[in-house]
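Here is a friendly walk through one structure, one piece at a time. Keep the 3D view open as you read.

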Amino acid sequence: MVLLLVSFTAAHLGAATLIDILKSELQRNYAGLAKTDPPPYFMDYEVTEQVNVGFTAALGALVSETHSHVRGVDTTVRVGDYHFDSYHPYKGSSGNFTNFSQLSLDNNPNQIRRTLWLATDHVYRASSRRLLQLKNDEQLLAEQKDVAADFSHETPETASQLPEPFSLDTAAWLKKVRAWSSEFIKYADIQASSVSINGRHEVRTLVSTEGAAVEHGTNIYRFEVSAQGLTPDGMQLSTFASFEAADAQHLPPDSVLQAAVKKVADQLSALLKAPAAEPAVCPAILSGRASAVFFHEIFGHRVEGHRQKDVAEGQTFTKMLGEPVLPSFLSVVFDPTLRSVNGTDLIGRYDFDDEGVRARPVTVVENGILKTFLLSRSPVGQFEHSNGHGRREPGHEVVSRQSNLIVKSSKQVSDRELRAELIAEVKRQEKPYGLYFEEVASGYTTTRRQGLQAFTVVPLVVYKVYADGRPDELIRGVDIVGTPLASFRKILATSDRVEVFNGYCGAESGTVPVAAVSPAILVSEIEIQKKQNSEQKLPLLPRPSPAAE
Amino acid sequence: MALPGFRKADLPSSRNQKSACGAGTRACRAGTRLGAILIRPVAAAMILIALAFATPAARGAEPDPAAKEKLLKSDVLFRALSDELERSRTLQLNGDLKPYFISYSAEDTYVFQTNASLGGLLESGLVHPRPVTVRIRVGDYKFDNSNAFFSGQLRMGALPLDDDYFALRTGLWLSSDQVYKRATEELTIKRNILRDTQNPEHAPDFAPQPPVFHLDAVPSMQDLDQQKWTDEVTRLSGRFASHPDVLASGVAARGLISTTRYINTEGTVTRLADQFADLEISARILTAEGFPLHDTILLTSRRLRDLPEESEIARQVDQIATQLEDLRRAPQADDYSGPVLFEAQAAAGMFASALFEALSLPRKPVAPAAQEAREIEGVWSSRMGGKVLPEWLNVYDDPAQSEFRGTPLSGHYQIDDEGVPAQKVAFVEHGELKNFLLSRTPVRDFVGSDGHARLAGPYGSALPVFGNLFVEAEHTETPAALKAKFLDLVKANGQKFGIVIRRLDFPSTADFVEIQQTMKQLARLGAVHSIPPPVLAYRVYLDGHEELVRGLLVKELSARDLRNLVAAGDTPYVLNYLNTGAKFGWLNGSSDVCLSSVVSPAVLFDSLDLARMEEEGSKPPVVPAPAMTASATTCGAGCQPAAESGTGHSVPRRPAEVCLLQAPFPAAWTELPCPPSRSK
């Protein structure tokens with residue numbers, strides 16, 4: 001079936017008009033609210049326009065399709081002053097005012113102005129109420145030490161850097177995802193599977209009362225394979241593979257994608273037959289992709305600036321500026337300007353953040369020493385300016401978030417040498433085996449004071465590497481568990497080959513695309529726990545036979 | 001039938017909406033959101049509207065084996081349903097727990113939607129959901145896994161969009177396995193509960209039904225001109241630019257075509273074609289004190305092209321705007337006790353609301369001792385055979401009628417969701433209660449469906465609702481005579497004016513906050529049963545002149561009060577509406593909808609208590625509204641500019657194919673599945 005693809009180029013041609021409408025309504029509302037008490041001192045509108053197109057197939061048949069084109073606005077109205085305003089963090093929360101409002105796709109000035117006007121009134125009311133409440137509450141609280149300002153002064157940017165037009169050969173991709181997904185017909189033990197292609201074209205337009213006026217955006221094309229199965233003892237297992245690119249032409253060739261489908265199927269099939277893991281503490285190698293997630297979770301989230309100001313946060317690194325936080329052979333850079341690594345596009349890339357601050361590389365750790373934090377326009381301690389990491393999903397307030405995390409190592413060995421070092425370490429510790437984490441799905445981390453400062457990474461494909469030379473053995477149902485500071489000290493060496501993990505990170509300001517790039521790492525000790533068991537029974541009847549018709 | 005979530009772009013909606021919906025709602029109809037009107041999620045299969053070209057079929061007999069074979073050969077989806085249904089009969093977990101009844105209901109729906117505000121297009125697109133409902137009963141007709149407190153929560157799945165036999169069967173296989181396992185658990189839990197408590201029902205759990213074979217032709221959506229409707233809706237929405245006092249507004253259109261394939265182990269095989277289209281005009285205005293007033297008009301028809309001419313819709317856009325402007329200037333009503341005349345839509349809405357409550361007979365579930373029963377007894381539940389209405393009133397449901405005096409009835413259908421042929425049911429004859437709405441779930445001594453199961457009900461059952469409800473008066477009055485009678489009553493009461501209600505908020509378009517406020521106010525007033533608040537109510541003075549008032553609530557009104565009706569008009573009104581089965585017909589109250597109609601005359605109560613609604617307003621916006629750009633009030637061919645409307649030009653009007661009713665602002669959000677690589 002052919003679906004209507006709404007033209008989005010027309011909207012782009014009129015983008016200058018959108019900026020004009022945004023500017024004029026911003027000024028009109030700002031002037032109008034100036035007479036109120038308390039008046040706003042800063043306002044911005046950020047418009048996000050998205051085109052999403054996608055297809056998912058399973059067992060040779062199309063199972064879902066997405067075609068959409070929407071545009072909406074997030075509104076900021078800051079009341080008070082740069083030092084103390086309505087977004088001041090207090091008792092573990094900041095203001096949460098924006099009310100994502102849908103805007104006309106065709107730059108209709110009446111619809112857009114009216115929506116902006118109503119959204120501004122809504123946000124202004126909530127924002128000014130909170131400021132009055134804060135002022136009252138602050139008097140009741142003991143004065144906090146080292147109170148940083150609430151909003152930084154930045155030079156307003158004006159720029160227009162629109163992404164390439166959206167382009168996806170939907171007919172060809174429909175054919176491919178259907179055909180490739182039929183690979184899973186051969187695997188009767190796999191319960192659910194899917195092969196999908198999705199493309200997203202996104203343009204963000206921001207204007208502020210300081211004079212910022214930027215339009216920029218990204219394209220993300222994502223090919224994804226996933227499979228789920230159940231073991232006879234009721235453990236749910238899954239494998240997946242994904243490839244992301246800023247241009248559909250940058251995706252790997254069909255042969256590679258098709259091989260990935262087969263690999264996902266083969267790996268899950270093997271995992272379903274593999275022995276279950278037992279809790280253990282032993283040395284391990286985390287593949288580049290596994291390490292990337294490991295760093296994103298245990299390190300990346302703890303250097304997000306706003307966590308250093310929030311008294312409810314664990315503040316693992318807050319007082320450690322200038323001190324070693326990682327082994328001296330490691331550096332960590334967050335670089336939203338980096339487009340690709342070894343031919344793989346990074347999806348944590350952007351030109352401007354969601355406060356209109358220009359993206360730039362930020363070296364957070366140099367030779368193991370903590371240098372700075374990821375900063376939005378919310379100053380942290382001595383850092384009075386943003387470093388372009390204020391991000392959000394539409395509908396959320398901006399906080400500091402990760403972009404492209406790059407782990408750099410000066411203690412590199414080849415993959416083969418790294419494996420030899422693992423076996424040597426296993427022997428030194430007199431353990432029967434070490435572990436090799438090949439692929440991980442995701443992780444989560446707790447950074448708040450309440451509760452354990454811990455992280456979990458969900459590995460998908462893990463092998464036991466025996467010290468006595470037996471072949472590696474695939475095991476299932478492994479969860480890595482650990483606490484952050486202890487984990488960093490256990491990194492012994494890294495490989496000389498980096499891998500990329502592109503993913504979506506969810507936190508206070510919603511889900512944002514991020515990337516992490518890391519070499520494989522050898523750790524002297526990793527603790528694993530058993531994965532939770534669903535206690536489900538296998539289906540009572542066998543899968544229908546593909547030849548039954 | 002269930003309402004699949006509209007697969008919106010994964011831009012999020014406001015948190016307000018999320019909190020109103022609660023996490024995990026699959027297809028959540030969120031509250032009204034002005035200024036940002038999203039496309040409403042759409043009914044998968046609204047109703048069984050049999051098409052003119054439906055294949056005539058034998059009913060109540062086993063299908064002709066040759067006809068069934070022909071069907072299975074030509075319809076891949078049916079073949080997959082049939083083959084997997086046969087295999088699922090062999091599902092067996094422990095000893096006696098084999099399924100005794102299995103049904104599959106697969107909906108194949110195309111929905112085109114477009115929505116715009118103030119001349120700006122917000123969204124437009126086509127979606128194609130294919131949900132499947134699997135029902136499995138274990139035990140036997142007398143005692144099974146249904147009708148217990150934990151019954152029937154698991155039943156939905158989605159089938160592949162391609163007619164791929166193997167992929168379809170694999171989907172059905174997994175859904176059946178899950179539903180069957182859950183069914184056995186439900187039966188065990190139910191038996192365990194009954195070790196400690198009494199079964200509140202002596203009736204069997206499920207009524208057997210002779211098989212039915214019925215096939216409609218599969219409809220197509222080829223004749224739908226998406227661009228035309230996108231443009232028209234955009235143009236129409238631009239007319240509100242001439243009404244700057246209207247705070248927020250929107251126009252949305254939707255066209256739906258659906259084919260539902262149903263098959264069960266009793267031998268019933270049906271393929272029912274549904275078509276539905278609507279166009280929604282919604283607007284909101286603030287009173288001087290900042291209290292929001294809103295109104296919505298919903299035009300419904302079978303197909304988008306059957307909607308009225310653009311010029312006629314334009315007239316209605318202008319009307320809703322001017323009516324809101326009038327309402328804003330109108331005085332607030334005071335408490336009132338005395339004669340009340342319900343006219344037109346208000347009479348039909350009042351009957352729809354009050355009679356649905358009275359004619360429903362919910363079955364009490366088997367529940368743990370500590371669990372409070374949530375079912376409120378209907379006011380007529382123990383009045384069978386009794387005088388419940390004036391003897392000049394008859395009430396019946398006749399789904400076989402497809403029109404009433406030239407106006408289409410959208411509640412027309414042939415076969416219900418349980419595969420039971422629709423039946424004409426006389427509920428009240430000469431004032432005497434004769435029947436209730438019944439599904440295949442027996443209640444007390446009422447065993448056997450009357451073919452009204454059209455929505456998903458609680459505890460594994462279906463919810464019987466109206467098709468075409470007729471309220472028929474044997475003695476009627478002309479409008480003038482009725483008004484005279486009304487004013488006589490007012491005068492006899494010693495009052496200066498009486499109240500006429502012309503429009504109710506039925507089905508209720510309120511958002512979550514508004515409906516809560518209304519319920520709270522009614523509770524404070526001590527009302528147990530009531531109807532939705534009036535939108536258009538007038539004081540009619542003894543000299544006959546009228547004054548619009550705003551902010552009235554009907555304090556207490558149930559079917560019990562219908563005994564106090566003293567007269568009826570002679571011009572029946574047809575209300576076609578989206579039926580959610582929720583209280584007040586609340587459109588945001590359920591994701592499951594069908595179409596119903598009510599045909600009723602205007603009616604006069606000699607006395608009712610009305611109360612003044614508390615207006616809890618916020619303040620109007622601080623900054624004045626932005627000026628409207630004149631050029632945006634564009635107007636297509638055949639459409640009169642807004643400024644000229646109402647100045648005597650002749651507008652071509654289509655015949656009364658269209659019915660006025662109210663609907664919510666379209667609003668919804670759908671969560672896209674998280675990518676597996678999502679990390680925090």
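## Two strands side by side

In chain B, strand β17 (residues 468-473) runs parallel to strand β24 (residues 594-600), and 3 bridges link the pair. Strands count as paired if DSSP finds at least two bridges between them. Across this pairing, B:Phe470 sits opposite B:Val599 of β24(B).

This is a predicted model, in which local features need pLDDT of at least 70, side-chain atom pairs count only at pLDDT 80 or more, and totals for chains, interfaces and linings use all residues. Residues are numbered from 1 along each chain as its sequence is written, while chains are lettered from A and ligands numbered from 1 in the order in which they are written.

## The sheet around them

Both strands belong to an open sheet of 6 strands in chain B, ordered β14-β13-β10-β17-β24-β23, with mixed pairing. At its edges stand β14 (432-433) and β23 (573-579) of chain B, each with a single partner strand, so one side of each has no neighbour in the sheet.

Helices (H or I, at least four residues) and strands (E, at least two) are DSSP runs, numbered from the N terminus.

## Chain A as a whole

Turning to chain A, you can find 9 helices and 23 strands there. Its radius of gyration, taken over C-alpha atoms, is 25 Å, close to the 24 Å that the globule rule (2.2 Å times the number of residues to the power 0.38) gives for 549 residues, so chain A is as compact as a globular protein of that length. The C-alpha atoms of chain A fill a box of roughly 80 × 60 × 40 Å along the principal axes.
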